[in-house]
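Me: I am new to this structure. Please take me through one part of it closely.

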Amino acid sequence: MTRPVFKRFGERPRFPAPLWLLISCFAASLFFLLFQGGKLASMLFIIIALLSVYLLSGNWSGIKRAQGTRKLSVTGQDAQLEAGQSLQIGISVQIPGFWPIPYMIIKDQFIRQSGEETIFEGSLIPDWKRRGELLYSTPPLRRGYYRFGETECVTEDIFGFFQHKGRLELQQSITVYPQTVAIREWAQFHQMLKGMQHHSTTTRAHRETTQINGVREYIYGDRLSRIHWNATAKTGTWKSKEFERESLPKTIVLLDRTARAYGDAAEFELAVSVAASLFRYGAGRDLALGLLSIGKESTYFEPKQSQNHHKHILKHLVGVEADGFHPLQQILKEHSRELPAGCFFVLISPQKGSVMMQVLTQLSHLQMNPCHMWVHAEPSHVFQLQGMEQESAKNDWIKAIRSQGYMGYEVSQLSDLPNLLGGAKRYA
């Protein structure tokens, strides 16, 4: 974006103070040479003239035509960037021209989806080919969508009189997924499947239908009738037919996004991470999981076993916020026709008490099997007596849920989720 030279008709452009100082020095040395003469005046005029040429030629330093690239790398083993991880960024710059550049300052603009803006600033010294690279790392990032704005390049002359700027258009987008934890086994969930007369506690062991779903690699022991001869002839390797499996009980995960229900942002992030971890577990076990997310806008994903379906749900969890205001009973009443009967319903919410018990009873009346994931982020500065009182309250609420025949878990830290679902921690 170029700035106008004249703001109004007849208004003169404003020159910076260093430029006026340079013009004054040059004029003084010129008058001193004209009226005084001599070797001293000549040498002084030559020196001022050379310095003026150097300072004024900085406007054509080439920084306005600078070119660059940005490289991103995640500080970790996984290629997918999750919340809490840092991002390593490298910016390579090539400056055309011949004007000597002693150093260069780079300001990189990093913008979050909410409009929160962060400026990363660093300096580099170009080499003899007028190239340089700046490396920096971001602090641990929160869940959300990010993008890079304009990258500003700034340099000065050796005296610091004039500042020259250039801009690089290196716009990129980054997705920071919710933090997840690997769940090895959900003991009570598979025990419930046993009780519903299913063939095995593992979802991979259920029977297949006669409907062909695709082609997979040949596994030693496959019957001759399973071999896909056309695919084998085209690829030159053994291929087998993939059949659809019998449908398992569908699971619905409801993420409570009621704004007044959460004490702080960390508690809501814990709820989102719990939901994302459950979907990660479901994707690895071929479970048919769906999501009911109600905030300012209503979003419902039907339970499916597709990997793309799980990816769409994770992308939705990236941008969710605690912006809802509808009570849970009203939400279930409005979506009761969409929910499949007999499904396993997981409710992730920090709410408890009589209101939550009514919700669980309502789900039971809809012929569903409810489970309450009670997220409760613990503050770090809690006295021992207060901690004992809070632990007693947790036990009372979980006991109240299980006394009514419902499944219930209290999650205060994401790292505790695998042990809770695996049965390592139980409430008597």
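Which side chain meets that of glutamate 152 in a salt bridge?

Reply: Arginine 167 does. This is a predicted model, and in it the side chains of glutamate 152 and arginine 167 meet at 3.9 Å, N to O. The two sit in distant parts of the chain, 15 residues apart. Glutamate 152 is in strand E6, and arginine 167 is in strand E7.

Arginine 167 has another partner. Its side chain also forms a salt bridge with glutamate 150, at 3.1 Å, N to O. Glutamate 150 lies in strand E6 and arginine 167 in strand E7 (residues 163-168), so this pair ties together parts that are 17 residues apart in sequence. Through shared partners, Glu150, Glu152 and Arg167 join into one network.

Now look at cover. Glutamate 152 counts as buried because its relative accessibility is 16%, and buried means under 20%. Glutamate 150 is partly exposed, at 35%. Arginine 167 is partly exposed too, at 48%.

Why do such pairs form? Side chains of opposite charge can pair when their charged atoms come close.

Arginine 142 lies in the loop between strand E5 (131-137) and strand E6. Its side chain meets that of glutamate 116 in a salt bridge of 2.5 Å, N to O. Glutamate 116 is in the loop between strand E3 (104-112) and strand E4 (117-124), 26 residues apart from its partner. Arginine 142 is partly exposed at 45%, and glutamate 116 is partly exposed at 39%. The whole structure holds seven salt bridges.

Key. Residues are numbered from 1 along each chain as its sequence is written. This is a predicted model: local features need pLDDT of at least 70, side-chain atom pairs count only at pLDDT 80 or more; totals for chains, interfaces and linings use all residues. Side-chain values use heavy atoms; hydrogens and water are left out. A salt bridge is a side-chain nitrogen of Lys or Arg within 4 Å of a carboxyl oxygen of Asp or Glu. Helices (H or I, at least four residues) and strands (E, at least two) are DSSP runs, numbered from the N terminus. Buried means under 20% relative accessible area, exposed over 50%, partly exposed in between (1.4 Å probe, protein chains only).
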